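This briefing gathers the main points of a predicted model. The notes below are arranged by topic for reading alongside the structure.

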Amino acid sequence: MRRAQLVSPFGVGAMSVLVDGTSVITAGLDHWFPRNNADLALEDFRVNDWRLEARLKVQEFRLPPDYRKGSPDDHRNEKLSVPALRFPCYSFCMYCKRLKKVPLSFQDAVRCDEPTCVGKRRFGPKMSQVPFVAICGKGHIDDFPFREWVHRSKDPSCTGVLRLFSTGGGGLEGQVVRCGYDAKNQRNERKGCGASRSLQGITTGGMKDESGEDSTFLTQQLAGRSDPYLCTGARPWLHEEDGPCDQPVQGALRASGNVYFPYVESSIFLPQKVGAVSGALRDLMKRADVEPTMTFLFTMRGKDATVAEIRQATRGAGELFDQFPDDELLAAFQDRFGIGSTGEDGDDDESGDLDIWRHPEFKLLRETPQDDELRASDPGVHAAIAGHVDRVRSVTVLRETRVLRGFARGRDNELKIAEGKALLRRRPLPPDKDWLPAYVVKGEGIYFELDSDRLAAWEARGEVQARADLIANQYGQVITDRGGSPRDISPRMVMLHTFAHLLINELVFTCGYSSASLRERLYVSRDGGRDMAGLLIYTAAGDSEGTMGGLVRMSRPDRLQPVFAAALSDAHWCSTDPVCMDAGERGQGPDSCNLAACHGCALLPETSCEEFNRFLDRGLVVGTFADPTLGYFSTST
Ligand SMILES: [Zn+2]
Ligand SMILES: [Zn+2]
Ligand SMILES: [Zn+2]
Ligand SMILES: [Zn+2]
Ligand SMILES: [Zn+2]
């Protein structure tokens, strides 16, 4: 497994299947860097982004440990790995269908002890883990309650032998749990009470109870509506088998997509003062003999720390810091701890307002920052696209930090920062000790903005707004049903987002990138003080790759113009048209939040898209069959 995948999609609380077929759940952060390990050198894993640290209220981020063999004279960070626990705990035997539950900490292969299976051998055959789990909306997950389910009781007294039979038919209705039957599905009174129940309906959610609260089939039907079966509060990834929870619980297939929704926060590093700090000094600040004293100084003195005190804190590194002047050292201290940020932007307490958080990135990217961590230049704009597009930037250096801040199960609800962090470890840490798992991508990109006059005229058209409202209303309905808060789904947002997908597809085609290696980043807001209509397309490769220069070259006017032209020409056509374009009236795709956009034309791999492939419509880009002038890029306006 690659390190980045241990942030997402296989981060804390996610299930994955090892090469030997064992299903495991990634353990919580408490056990990622064991404190009793004398060879632990955390400086190899620390990464910082002051804006994101402030937003998520943590001291630092850490890369997932990579497995290192070590050598006779260097044991630093030897043999670290991210722990995982075997889950689900229920297994069943392919031969005799017997169900068996082992403890979470069980390490060995689970073997069947049914006499007919063991026969004359020493051990019975290996059992396989069951494909079912039970999840709740607060992020808990537990084994499916087979014993409770078959006995229709929250606390069954029968301890009979359980088996899971498949009675034909592919669906859950064909899966039957039985108590007191033999391997041949014949009743055996010595083995249990004879209870029998199919799994039909166990994955059904979206129900209501008498008082109108959300409920599920499993909760209402296990013992009956008058005696609802609620979540056990189990957090097996933290080795907690139960806990407080009053939520309904839903059966799920462990391989299904709704079992885990990671919440990843992404930030592009912004220096507090562009060009004030060299990359060399930033690296030095992370040294093991400097970082703790520096952190201590910040805890004690905060923004009042003087240059003399900061220099004092670097003494552990000998003369290494002598070459850097006072103001650079001060700037490095401020960049590390986020001192001097005005707080007017991105200082919002909650995770929701993406445009507030993105605005400072937008303000810096659209200039031509020259910093070791963020560098952009102005390649000019081709005359043929200058009427629509303004301010192209070649972003030669950027650093993106991607952080797992929590997850959800069942559906991707809003997740408060504290709630999300509470799922990742047993007990929350105070902010000055807290950290989250992160991955850092150094990359490059193309940035551009829409022409503001043309955009204003286009968005003022009633039919344009009406088209975007089809999506906005649909999304409003979906998000209200989920108890979330609505967002502004504007014409510029849908249009720029769709155009981003078309451009990425075109760049993949012309430059040979894999589409999973390019990402979009939308800077969109109609809020007066934060008006934005910008798009960044950037490489999302690992630490070492990404600085290939290929994407930067494509931002030159003579290269970018043909890419734009080809993307727009492709926008007119989808292999499923006229079906895809006609779907524009009803909505299609995830949450029915797309109009004319489908896998045949404008969808991307999930890793490339910020919006789960929602809010897409080719109609707003190039017009529809009915109204060819509707698009921002329509040629016949
Ligand atoms: Zn068996
Ligand atoms: Zn029984
Ligand atoms: Zn729960
Ligand atoms: Zn299509
Ligand atoms: Zn997207």
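Is Asn185 buried, partly exposed or exposed? Asn185 is partly exposed, because its relative accessible area is 26% and the class of partly exposed residues lies between under 20% for buried and over 50% for exposed.

- Asn185 is not a glycine, yet its phi is positive, at about 70°.
- The position of Asn185 is in the loop between strand S12 (175–179) and strand S13 (196–198).
- Asn77 likewise has a positive phi, near 50°, in a residue other than glycine.
- Asn77 belongs to the loop between strand S4 (60–62) and S5.
- Asn77 counts as buried because its relative accessibility is 0%.
- The peptide bond between Ser8 and Pro9 is cis, with omega about 10°, and Pro9 is located in the segment before S1.
- Asp577 and Pro578 are also joined by a cis peptide bond, here with omega about 5°.
- Pro578 is placed in the loop between H15 and H16.

**Zinc ion (ligand 3)**

- Cys136 (SG), His140 (ND1), Cys231 (SG) and Cys245 (SG) coordinate the zinc ion (ligand 3) at 2.0 to 2.3 Å.
- The site of the zinc ion (ligand 3) is tetrahedral, with angles of 104 to 114° among its four donor atoms.
- For four tetrahedral donors, the ideal angle at a metal is 109.5 degrees.
- Along the sequence, the spacing of the donor residues of the zinc ion (ligand 3) is C-x3-H-x90-C-x13-C.
- Cys231 and Cys245, 14 residues apart, both lie in the loop between helix H4 (217–221) and strand S16 (250–253).
- Cys231 has a relative accessible area of 9% and is therefore buried.

- Cys574 is buried, at 1% relative accessibility, and Cys598 is buried with a relative accessible area of 12%.

- Strand S1 (residues 15–17) and S2 run antiparallel and are joined by three bridges; Val17 has Ser23 in S2 as its bridge partner.
- The hairpin of S1 and S2 has five residues between the strands, and Gly21 in this hairpin takes a positive phi near 95°.
- S2 also runs antiparallel to strand S5 (residues 84–86), with three bridges between them; the partner of Thr26 in S5 is Ala84.
- In a regular strand, side chains alternate between the two faces of the sheet.
- Strand S2 (residues 23–26) is covered on both faces, with Ser23 and Ile25 buried on one side and Val24 and Thr26 buried on the other.

**Helix H6**

- Glu291, Met294, Thr295 and Leu297 are buried in helix H6 (residues 291–301).
- The buried residues of H6 line one face of the helix, because they fall within an arc of 155° when seen down its axis.
- Phe296 and Met300, on the other side of H6, are exposed.
- Strand S3 (46–47), S4, helix H7 (307–313) and helix H8 (326–337) are the elements against which the buried residues of H6 pack.
- Gly302 follows H6 and has a positive phi, near 55°.

**Domain assignment**

- The chain is assigned domain 1 (90–253), domain 2 (273–337) and domain 3 (355–401 + 439–622).
- The centres of domain 1 and domain 2, taken over C-alpha atoms, are separated by 56 Å.

Note on methods: Residues are numbered from 1 along each chain as its sequence is written. Chains are lettered from A and ligands numbered from 1 in the order in which they are written. This is a predicted model: local features need pLDDT of at least 70, side-chain atom pairs count only at pLDDT 80 or more; totals for chains, interfaces and linings use all residues. Side-chain values use heavy atoms; hydrogens and water are left out. Buried means under 20% relative accessible area, exposed over 50%, partly exposed in between (1.4 Å probe, protein chains only). Helices (H or I, at least four residues) and strands (E, at least two) are DSSP runs, numbered from the N terminus. Two strands pair if DSSP finds at least two bridges between them. Donors are N, O and S atoms within 2.8 Å of the metal (3.2 Å for Na, K and Ca); water is not among the atoms, so sites may look incomplete. Four donors count as tetrahedral if all angles lie between 85 and 135 degrees; four count as square planar and six as octahedral if opposite donors are over 155 degrees apart and all others between 65 and 115; anything else is irregular. Domain bounds come from an automatic or database domain assignment. The arc is that of the directions from the helix axis to the C-beta atoms. Contact means heavy atoms within 4.5 Å.
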